[in-house]
Amino acid sequence: MKIILLGASGSIGSQTLELLEKYKNKWDLHGFSVGNRVEKIHEILSKFDKVKYICVKNKGDYLKLKKQFPNIKFYYGDEGLIKLINSNKNAYVLNALVGFVGLKPTLKALNNNQTVLLANKESIVCGGDLIKDLLKKGKGKIIPIDSEHVAIAKCLYGHDINEVESITITASGGPFYFLGKDEFKNIKLEDALNHPTWKMGNKITIDSATLVNKTFEIIEAFYLFDMPLEKINVVVDRKSYVHGFVKFKDGSVTLNVSKPSMLGPIDYALNLGIPSNGQFEDLEQNTLDKYELLPLDKEKFSVINNANTVILNKGTSGTILNAANEKLVNLFLNKRINFLLIYEFIDKIMNTTRFEKSRNYSQLKKIDSQIKERIEEELKNGSFINK
Ligand SMILES: NC(=O)c1ccc[n+]([C@@H]2O[C@H](COP(=O)([O-])OP(=O)(O)OC[C@H]3O[C@@H](n4cnc5c(N)ncnc54)[C@H](OP(=O)(O)O)[C@@H]3O)[C@@H](O)[C@H]2O)c1
């Protein structure tokens with residue numbers, strides 16, 4: 001089977017490559033994309049000799065690389081990602097891009113009736129309705145990679161969704177779970193990047209610290225499992241051992257517990273949604289005595305209530321939330337705003353922007369750009385003060 005890997009230079013991308021090396025008898029890496037980290041290309045090509053297509057972010061890199069590797073067809077930019085997907089419409093697509101840029105490739109692959117192994121949760125947050133339509137109309141499929149959703153899918157394995165009373169995803173609570181909200185203004189970038197249990201790319205690490213990541217995951221669960229909002233719960237496991245659980249109508253509960261590593265969820269996706277033979281490090285025997293589920297403080301982390309807003313309004317509301325967050329996280333990573341401003345600006349944008357029905361990708365793309373530009377302008381003209 002052939003696979004196209006989007007975001008090969010990232011955290012999920014690198015772990016996927018690690019597994020693809022083990023599964024060379026099953027998977028051929030047909031093509032991949034990197035963003036700015038083009039230096040990764042040499043290393044990947046030295047391990048995978050069936051690669052025919054590569055997409056990079058910038059034209060300058062594209063021009064250099066196509067001379068350097070004449071046997072490979074190169075593409076560049078957002079359109080290049082689409083050309084890469086179209087290079088083999090029978091290939092599976094693993095989308096490990098970060099942010100809104102992942103949406104169009106997901107839509108394209110589903111439109112081509114391809115199966116998407118989806119790490120890019122922003123695709124669902126922004127394009128949930130469009131994705132649902134494509135899944136209904138065509139033969140495309142989505143297999144989740146997010147650990148909580150894989151946990152739920154594993155708990156549901158062999159069950160009908162009608163047997164389910166509720167689903168619960170867990171959060172680690174991030175580095176600031178025990179910090180008072182009045183202390184949030186002193187949070188430094190280095191603190192926010194220091195996640196207690198997971199090692200991930202920078203953007204999702206900040207999303208985990210703000211709890212926007214969990215907000216996104218509730219939306220993701222809503223679309224992936226067709227669960228009404230009131231049946232999706234969040235609890236905290238500080239160790240990230242419990243990833244999720246399902247309560248069935250007969251009163252029984254099935255939990256998914258494993259060490260916090262993305263290799264298991266990626267392996268599940270590469271096994272096309274069938275639980276595999278468990279070749280990963282087991283938890284210690286007495287782990288079950290050790291885990292503790294705690295509540296999430298929804299007043300302190302009130303940003304999580306945006307999941308309700310997006311699920312109730314659907315349409316463009318997810319794109320608006322994502323665009324605001326993506327821009328603000330970028331500003332925070334560049335030390336241009338403080339941590340609290342992420343929350344304040346998200347509230348402002350969500351409270352002052354009109355939600356519409358989502359019509360197509362171009363409409364969402366326009367909204368994404370408008371929101372990001374609006375934040376940049378407000379920041380520059382000082383109408384939003386960076387306290
Ligand atoms: N990391 C995890 O453990 C984890 C767990 C669950 C879900 N996820 C989700 O998986 C996705 C990927 O996360 P990650 O942590 O792997 O992110 P990451 O380490 O930042 O990697 C992101 C990848 O996307 C590429 N990229 C970014 N912007 C691009 C653009 N404009 N055009 C083309 N390529 C672009 C990056 O390329 P360069 O780096 O080369 O520029 C990199 O290959 C996210 O949606 C995240 O929420 C991640």
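I called a residue buried if 20 or more other C-beta atoms lie within 10 Å of its own, with C-beta atoms placed from the backbone.

I note that the model is predicted: local features need pLDDT of at least 70, side-chain atom pairs count only at pLDDT 80 or more, and totals for chains, interfaces and linings use all residues. Residue numbers run from 1 along each chain as its sequence is written.

**Ile-4**

I listed the contacts of Ile-4, leaving out residues up to four places away in sequence: Ile-4 touches His-30, Gly-31, Phe-32, Leu-84, Ile-85, Ala-91 and Val-93. Contact here requires C-beta atoms, placed from the backbone, within 7 Å.

**Domains**

I took the bounds of domain 1 and domain 2 from the domain assignment, which is an automatic or database one. Their centres, taken over C-alpha atoms, are 23 Å apart. I found 28 residues of domain 1 in contact with 33 residues of domain 2. On the domain 1 side, helix 1, helix 5 (103-111), helix 6 (121-137) and strand 7 (141-144) each supply at least two residues. Helix 6 supplies the largest share of that side, 11 residues. I took helices (H or I, at least four residues) and strands (E, at least two) as DSSP runs, numbered from the N terminus.

**Helix 1 and helix 11**

I checked helix 1 (residues 11-22) against helix 11 (residues 263-270): their axes come within 10 Å and cross at roughly 60°. The axes are lines fitted to C-alpha atoms over the stretch in contact, and angles run from 0 to 180 degrees between N-to-C directions. Ile-12, Gln-15, Thr-16 and Leu-19 in helix 1 meet Leu-263, Ile-266, Asp-267 and Leu-270 in helix 11.

**Asp-207**

I placed Asp-207 in helix 9 (residues 202-210). Asp-207 is buried, because 27 other C-beta atoms lie within 10 Å. I found that Asp-207 touches Val-212, Asn-213 and Val-329, not counting residues up to four places away in sequence. Asp-207 and Asn-325 stand 118 residues apart in sequence and 8.4 Å apart in space, C-alpha to C-alpha.

Conventions
Two residues are in contact if their C-beta atoms, placed from the backbone, lie within 7 Å. A residue is buried if 20 or more other C-beta atoms lie within 10 Å of its own, exposed if 12 or fewer, and partly exposed in between; C-beta atoms are placed from the backbone.
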